[in-house]
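Colleague: I would like to learn how to read this structure. Please take me through it feature by feature.
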Amino acid sequence: MIVTVTANPSLDRLVVLGGPLRRGAVHRAEGAAADPGGKGVNVSRVVHAAGEGTVAVLPADQGDPLLVGLSRLGVPAIPVPVGHEVRSNITVTEPGGTTTKLNAPGAPLAPETVRAFEDAIVAAADGAAWLALCGSLPPGLPDDWYARLAERLGAAPDGPRIAVDTSGPALAASAVRGVALLKPNAEELAELVGRGPEAGADFENRAASGDLEPVRAAADELHRATGAAVLATLGAAGALLVTAEGAWAATPPPITVRSTVGAGDSSLAGYLIAHARGADAPQRLSLAVAYGAAAAALPGTQAPRPEELAVADVRVTAL
C-alpha cells in the first residue's frame, strides 16, 4: 500500500489556449477541465491507474468537488473535515507546452483539524509500504511538519518508508535522517546543497548536453547528508537517482510536451510503483522517467496510464 499525504490539496483548473498567452488581453480558450489535484493526490491517481493499492489522506469536506472527482476516478481517499472548500489552482497551457500556473495559498487548518489530520495519517500508515508526504503546506503549519511526521512514523522497525516531495523551507526541514526518498527538481536540489536557483538551471542545461557531473555531485552530497535515496528530476533531460548502491541517469523518450503540470508527481509515482513490484534501482528510475514523460505529453494534470508509457525508449546509464 502506498499512502499519500496532501496537506494543501487543490482543484486544478486547466485552460487550454490556441495561441500565445498575452498579458492584459482577452483570450478564448480552446478547452478547459477541472481535476482533483495536489502532489499527493496526483501520486495516488497514478498509482491507482497502475492497479497498485493506494489511499490519499487530505483535508477536505465530504462533497467537496475534489473528493467528488476522486470518487469518479475510483481513487480511495481519507478526508478530514475542514469546513471550507479546498483551494483552486489555475493552469494555462499554450501551444508548444509552455505552462503558466496560478496557485492559491490555501486556508489555514484549525488546531483540532491538524490533530485529526495527523491521527488519520498515523492510522492509514499502519502496515503501509510507503508514506509519501507531498506538496506545499497550508498557512499556519510549521516548516518542519513533514519532518516531524517522518520522525514519528519512519523510525518504527515496521513503519513505512517515507518519501518527501515538497519545496522551500518544508523541503529543507525534511532533508533529515530517517527519510527514505527525497524527490527534488533541479532548482530544489541546488537550494538543498546551499546554491542559488541559477545553479538548478545550470544542472538542467548541462545534463541536457551530457554533462551530469554537477547534478551528480549535488545529489551525492544530499545523499551523504541524509542517507536518503535522491531522485532528482531534470525536466526534458530526464532524471538522476543516487542510492547507497550507486548512481544512474535516465533520458526520456521523445514526446510532444502538452503540459508539465504533475510530471514530477508522476515520476515519483512511477518510482514507488516500481519499488512495490520489487524492481531494482535502475528499473525504478526507468519507470519514474517513463511516467514523467507520459504525464508531460498529456494535457492538464491527467494521470498517465500504463498503456501510455514508453518504458522501452527510456535510456538508463550507470554513473
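Colleague: Are W145 and Y146 buried or exposed?

Modeller: Buried means under 20% relative accessible area, exposed over 50%, and partly exposed in between, with a 1.4 Å probe and protein chains only. W145 is buried, and Y146 is buried too. Two notes on the source first. This is a predicted model, where local features need pLDDT of at least 70, side-chain atom pairs count only at pLDDT 80 or more, and totals for chains, interfaces and linings use all residues. Residues are numbered from 1 along each chain as its sequence is written, and side-chain values use heavy atoms, with hydrogens and water left out.

Colleague: What does the protein chain come to in secondary structure?

Modeller: Helices (H or I, at least four residues) and strands (E, at least two) are DSSP runs, numbered from the N terminus. The chain has ten helices and 14 strands. Its radius of gyration is 18 Å, close to the 20 Å that the globule rule gives for 319 residues, so the chain is as compact as a globular protein of that length. That radius is taken over C-alpha atoms, and the rule is 2.2 Å times the number of residues to the power 0.38. The C-alpha atoms fill a box of roughly 55 × 50 × 40 Å along the principal axes. Of the 319 residues, 51% are buried.

Colleague: How many aromatic pairs does a search of the whole structure find?

Modeller: Rings of Phe, Tyr and Trp (its six-membered ring) pair if their centres lie within 6.5 Å; planes under 30 degrees apart are stacked, over 60 edge-to-face, and the rest tilted. The search finds two aromatic pairs. F117 and W145 are stacked, 5.5 Å centre to centre with 25° between the planes. F117 sits in helix α3 (residues 111-125) and W145 in helix α4 (residues 145-154), so the pair ties together parts that are 28 residues apart in sequence. F117 and W145 are both buried. The rings of W145 and Y146 have centres 5.7 Å apart and planes at 50°, so this pair is tilted. Together, F117, W145 and Y146 form one aromatic cluster.

Colleague: How many salt bridges does the structure hold?

Modeller: A salt bridge is a side-chain nitrogen of Lys or Arg within 4 Å of a carboxyl oxygen of Asp or Glu. The structure holds eight. Among them is D144 with R148, whose closest N and O atoms are 3.2 Å apart. D144 is partly exposed at 31% relative accessible area, and R148 is partly exposed at 41%. R206 bridges to D211, the closest N and O atoms being 2.7 Å apart.

Colleague: What is the relative accessibility of R206?

Modeller: R206 is at 34%, so it counts as partly exposed. D211 is at 24% and also counts as partly exposed. E307 and R305 form another bridge, with the closest N and O atoms 3.3 Å apart. There E307 is exposed at 60%, while R305 is partly exposed at 41%.

Colleague: Which residues are linked in a network of salt bridges?

Modeller: K39, D165 and D265 are.

Colleague: Which element gives the largest share of the lining of the second largest cavity?

Modeller: Strand β2 (residues 10-16) does, with three residues. This cavity holds about 30 Å³ of space. Its lining includes D12, R13, D35 and T301.

Colleague: What is the volume of the second largest pocket?

Modeller: About 190 Å³. Of its 14 lining residues, A207, L212, A237, T251 and R315 are the closest to its centre. β13 gives the largest share of the lining, three residues.

Note on methods
1 Å grid on protein atoms, 1.4 Å probe; cavity = no way out; pocket = protein on both sides within 12 Å on 5 of 7 lines; lining within 4 Å. Points joined across faces, edges and corners; volume = space filled by probe spheres on them.
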